[in-house]
Amino acid sequence: MATEFQVTIDAAEPHVLADWWAEALGWQVEPQDEAFIRRAVAAGHASEDQTTTHRGALVWAAGAAITSPDPGRPRVLFQAVPEAKTVKNRVHLDLRVGDERREAEVARLLGMGATELWRASQGPFSWVTMADPEGNEFCVA
């Protein structure tokens, strides 16, 4: 039997980064159950400092996730970490849009706050390496 997995990305502001990536990919931010969070805090199972408010809603401070509208794709979780990103990612996302859409997609992502880092090619394959607003590298291929 195959093992399911999710991709987890460390973030200083997981809810902001989840919003950014949901827009970048055309995915949705998973809703969090505000009533459940309030009940957990009221019952002493969680504390107020484990929550935050994002876009006017009470959410868990530790993270936010996004999911694809297409079934079978892995969930992406953005988790809060105290340390800043300091070195190149060992794992990154490749956005595979095709040669005909690559420049338009790069321009769209730049307009959303991404940074272009470099361009490369190997044989018939070309890609643009970019960084999201927190500096996490990803490629547009």
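# A predicted model in questions

Q: Where in the chain is the place of Phe 5?
A: The model is predicted: local features need pLDDT of at least 70, side-chain atom pairs count only at pLDDT 80 or more, and totals for chains, interfaces and linings use all residues. Residues are numbered from 1 along each chain as its sequence is written, and side-chain values use heavy atoms, with hydrogens and water left out. Helices (H or I, at least four residues) and strands (E, at least two) are DSSP runs, numbered from the N terminus. On that scheme, Phe 5 has its place in the segment before strand 1 (7-11).

Q: Is Phe 5 buried or exposed?
A: Buried means under 20% relative accessible area, exposed means over 50%, and partly exposed is in between (1.4 Å probe, protein chains only). The relative accessibility of Phe 5 is 57%, so Phe 5 counts as exposed.

Q: Which residues does Phe 5 touch, not counting those up to four places away in sequence?
A: Contact means heavy atoms within 4.5 Å. Phe 5 and Pro 74 are 69 residues apart in sequence, but their C-alpha atoms are 6.4 Å apart in space. With residues up to four places away left out, Phe 5 touches Pro 74 and Arg 75.

Q: In what order do the elements of the protein run?
A: The secondary structure comes to three helices and ten strands. Read from the N terminus on, the elements run β-α-β-α-β-β-β-β-β-α-β-β-β.

Q: What share of the 141 residues of the protein counts as buried?
A: The C-alpha atoms fill a box of roughly 60 × 35 × 30 Å along the principal axes. Of contacts between residues at least 6 apart in sequence, 59% join residues at least 24 apart. Among the 141 residues, the buried share is 34%.

Q: How far apart are the end C-alpha atoms of residues 6-140?
A: UniProt, in an unreviewed entry, places the feature "domain: Glyoxalase-like" at residues 6-140. UniProt positions are given in the numbering used here, feature names are shortened, and annotations may be inferred rather than shown by experiment. The span is 25% helix and 35% strand, and its end C-alpha atoms are separated by 20 Å.

Q: Why are helix 1 and helix 3 described by one direction word, and what is it?
A: Axes are lines fitted to C-alpha atoms, for helices over the stretch in contact, and angles run from 0 to 180 degrees between N-to-C directions. Helix 1 (residues 14-25) and helix 3 (residues 99-111) pack at about 155°, with their axes 11 Å apart. Angles under 35 degrees count as roughly parallel, over 145 as roughly antiparallel, 65 to 115 as roughly perpendicular and the rest as oblique. Helix 1 and helix 3 are therefore roughly antiparallel.

Q: By class, how many residues of each kind does the contact of helix 1 with helix 3 have?
A: Helix 1 supplies Trp 20, Glu 23 and Ala 24, while helix 3 supplies Glu 105, Arg 108 and Leu 109. Ala, Val, Leu, Ile, Met, Phe, Trp, Tyr, Cys and Pro count as nonpolar, Asp, Glu, Lys and Arg as charged, and the others, Gly among them, as polar. The tally is three nonpolar, no polar and three charged residues.

Q: Against which elements do the buried residues of helix 3 pack?
A: In helix 3, Arg 102, Glu 105, Val 106 and Leu 109 are buried. These buried residues pack against helix 1, strand 7 (93-95), strand 8 (115-122), strand 9 (125-131) and strand 10 (137-140).

Q: What is the phi of Arg 55?
A: Arg 55 has its place in the loop between strand 3 (51-54) and strand 4 (57-60). At 71% relative accessibility, Arg 55 counts as exposed. Most residues other than glycine have a negative phi. Arg 55 is not a glycine, yet its phi is positive, about 55°.

Q: Which residues does Val 76 contact, leaving aside neighbours within four places in sequence?
A: Val 76 lies in strand 6 (residues 76-80). Its relative accessibility is 5%, so Val 76 counts as buried. With those neighbours set aside, Val 76 is in contact with Val 7, Ile 9, Trp 27, Ala 64, Ala 65 and Ile 66.

Q: Which residues does Leu 25 contact beyond its neighbours within four places in sequence?
A: Leu 25 has its place in helix 1. Its relative accessible area is 26%, so Leu 25 is partly exposed. Beyond those neighbours, Leu 25 is in contact with Ile 66 and Leu 95.
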